[in-house]
Each structure stands twice: as structure tokens, then as C-alpha cells.
Amino acid sequence: VQLQASGGGLVQAGGSLRLSCAASGRIFSSHTMGWFRQAPGKEREFVAYITWSYGRSDYADSVKGRFTISKSSAENTVYLQMNSLKSEDTAVYYCAADRTAGSRDYEYDYWGQGTLVTVSS
């Protein structure tokens with residue numbers, strides 16, 4: 001599985017961005033697609049995931065109510081809609097995929113290259 005993340009950029013606090021993660025290769029029904037982020041000087045942290053078959057999702061507490069993860073099976077793409085952005089959301093965002101993965105980054109073997117989101121206050 002190869003993953004290509006896109007959609008990052010510079011946005012003012014309170015604004016919105018939508019990230020995309022296009023997957024190539026075979027996506028199995030047991031796959032989970034996740035988003036993680038890493039801010040400067042900090043460890044990578046979980047943002048959200050969605051299961052490919054049932055679309056079940058989970059979010060980090062810090063983004064609940066502001067971010068929405070979704071998928072398009074036809075396009076083999078996962079999206080992360082980010083609203084009400086805050087300066088603390090500034091990070092490189094990575095998409096990841098693996099079978100039956102969850103909220104821990106070590107559960108994922110396949111990673112995209114990352115896309116930078118910068119939120120100005």
C-alpha cells in the first residue's frame with residue numbers, strides 16, 4: 001500500500017482545511033486508515049482513524065467536535081476535514097494504513113510522506 005497525503009497549508013486560527021490521503025495498491029476490508037501528526041519538538045500523536053469496511057471512526061480528545069475523518073471507497077481516499085483550527089494544531093500530518101490497526105502509531109506499517117499544516121494566530 002502506498003499513501004500520498006495532500007491538502008496542507010497555511011490557515012488562520014478558526015479556519016478550515018481538508019487533508020486527503022490517496023491510497024494505491026490493494027486496500028483490504030480489514031484495513032484501518034489513520035491520521036497522526038507531529039508538531040515541532042514533540043512526539044507523533046494520534047488524530048483520528050476510520051475502518052475501511054464499516055467506516056467506524058475514533059478521534060483524539062483534542063480534535064473531537066472539530067475534525068471529521070471520512071473515506072471514499074471509489075476513490076481509495078481518506079479525508080480529514082479540520083474546522084475551527086487552533087495554533088496548537090500546527091504540525092506535519094501523516095496518514096497511515098494497516099490491517100486492524102487503532103490509535104497507536106506502532107500498529108501501522110504503511111505511512112504517507114506527511115503534509116504540513118500551519119495555523120497562524
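Modeller: A residue is called buried when its relative accessible area is under 20%, exposed when that area is over 50%, and partly exposed in between. Keep in mind that the model we're looking at is predicted.

Biologist: Okay, let me try the terms out. Is K64 buried, partly exposed or exposed?

Modeller: K64 has 46% relative accessibility, so it counts as partly exposed. D61 comes out at 66%, which means it counts as exposed.

Biologist: What does K64 form with D61?

Modeller: Here's the general idea: side chains of opposite charge can pair when their charged atoms come close. In this structure, K64 and D61 make a salt bridge, with 3.3 Å between the closest N and O atoms.

Biologist: And how many salt bridges does the count come to?

Modeller: Five. One of them joins the side chains of R44 and D105, at 3.3 Å from N to O. That pair links distant parts of the chain, 61 residues apart. R44 sits in the loop between β4 (31–38) and β5 (45–51), while D105 sits in the loop between β9 (91–99) and β10 (110–111).

Biologist: Now D89 and R66. How do their side chains meet?

Modeller: In a salt bridge, at 2.7 Å from N to O. D89 lies in the loop between β8 (77–82) and β9, and R66 in the loop between β6 (57–59) and β7 (67–72), so the pair ties together parts 23 residues apart in sequence.

Biologist: Is D89 buried or exposed?

Modeller: Buried: its relative accessibility is 0%. R66 counts as buried as well, at 11%.

Biologist: Let me finish with a residue from a strand. Where does T51 lie?

Modeller: T51 is in strand β5. Its relative accessible area is 11%, so T51 is buried.

Biologist: And which residues does T51 touch?

Modeller: For contacts, the idea is to look for heavy atoms within 4.5 Å. Leaving out residues up to four places away in sequence, T51 touches H31, T32, R56 and K71.

Terms used
Residues numbered from 1 in each chain as written. Predicted model: local features only at pLDDT ≥ 70, side-chain atom pairs only at ≥ 80, totals over all residues. Heavy atoms only, no water. Salt bridge = Lys/Arg side-chain N within 4 Å of Asp/Glu carboxyl O. Helix = DSSP H or I, 4+ residues; strand = E, 2+ residues; numbered from the N terminus. Buried < 20%, exposed > 50% of the residue type's maximum accessible area, 1.4 Å probe, protein only.
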